[in-house]
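Biologist: I'm new to this one. Can you walk me through it?

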Amino acid sequence: MEAEDGVAEIDRLERGLLLDRGRDSEPAGEDDEQPPLYTASFDEAEENFVKYQTARWVLYSLLLILAWGIGLFMLIYLPLRRYILRRDIRSRQLYVTADTIVYKVRRPVPFPCFGVLKKEKHVLLPSVADVVIEQGYLQSLFGVYSVRIENVGVRRPPSDDVQIQGVADPHAFRKAVLLQLSTMRGELFSRQVSALEDIPTPRMGQASVALMSPSKLPRRDSFPHLGEIAILQKLEEVGSSVKRVQTLIEEQKIQTLELAD
């Protein structure tokens, strides 16, 4: 009974603090450069996220009670900890633009009277290798997911990967990122194919033949067979070059269609 009264008192203090401070976070989904194409939500996962973090805090507190009573102070700090967690997840913004993943958060310091910590992370889509969705054992009990954005390249350590907890629909966010990344790569291949199609390969063959003036060509009377053989060899070389370019263009188009599908 006393435990239920304690939980009710904590919830009452949280609601009072949150109502006094209000939702003073920055407006979500605004980017000075480009509008968001997809915006992730944290509202539906707020309660599960707070319960998950509270359970972790209580477990650590119970383990640290034997360490000179530090866990007891952690239990006393629990109501303020829950208030900070709610302020944290309510201020989070995560959205995808045409070429960037943007993550913003205003996290209160351990003692909120001293202000907040602002964090803003921009990840360029070409530098994204994959979006990994993770869920540990304790997270699975509360239905909380973690999203980790992996970077391309071996020079950057894994600690540079952006890790975000509490996304309501992580699978939809991953699908939006990969779809936009595929669109960017398809546009890049399309530009490369267009550049290859603009290469004037037949004109190059004609120009090489035109450079041979009639005065420099061997006379058919003196070399009736050698002149015809040389011209046929030149024409075969030009034809094979044109076929190779056409084959390359068709392969590029097939790869572009496969990426678009």
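Biologist: Where is His-122 placed?

Modeller: His-122 sits in strand β4; helices (H or I, at least four residues) and strands (E, at least two) are DSSP runs, numbered from the N terminus. Bear in mind that this is a predicted model, where local features need pLDDT of at least 70 and side-chain atom pairs count only at pLDDT 80 or more, while totals for chains, interfaces and linings use all residues. Residues are numbered from 1 along each chain as its sequence is written, and side-chain values use heavy atoms, with hydrogens and water left out.

Biologist: Why does His-122 count as partly exposed?

Modeller: Because its relative accessibility is 40%. Buried means under 20% relative accessible area, exposed over 50%, and partly exposed in between (1.4 Å probe, protein chains only).

Biologist: And what does His-122 touch, leaving out residues up to four places away in sequence?

Modeller: Thr-100, Ile-101 and Val-102, with contact meaning heavy atoms within 4.5 Å. The side chains of His-122 and Glu-120 are also joined by a polar contact of 2.7 Å. That term is for a pair of N or O atoms within 3.5 Å; within protein, one must be able to donate a hydrogen and the other to accept it, and residues adjacent in sequence count only if both atoms are side-chain atoms.

Biologist: OK, zooming out: what is the strand order in the open sheet of four strands?

Modeller: The order is β1-β2-β3-β4, with antiparallel pairing. β1 (38–40) and β4 (116–124) are at the edges with a single partner strand each, so one side of each has no neighbour in the sheet. From one strand to the next, the twist averages 15°. Two strands pair if DSSP finds at least two bridges between them.

Biologist: How many bridges join β1 to β2?

Modeller: Three, and β2 covers residues 93–96. Tyr-38 stands opposite Val-96 there.

Biologist: Switching to helices, what does α4 lie across?

Modeller: α4 lies across β3 (100–108) and β4, at about 155° to β3. Axes are lines fitted to C-alpha atoms, for helices over the stretch in contact, and angles run from 0 to 180 degrees between N-to-C directions. The buried residues of α4 include Leu-78, Tyr-83 and Ile-89.

Biologist: Last topic: which residues are on the covered face of β7?

Modeller: Val-162 and Ile-164, while Gln-163 and Gln-165 make up the uncovered face. β7 pairs with β6 (residues 146–151) in the antiparallel sense over four bridges, and Gln-163 is the bridge partner of Arg-148.
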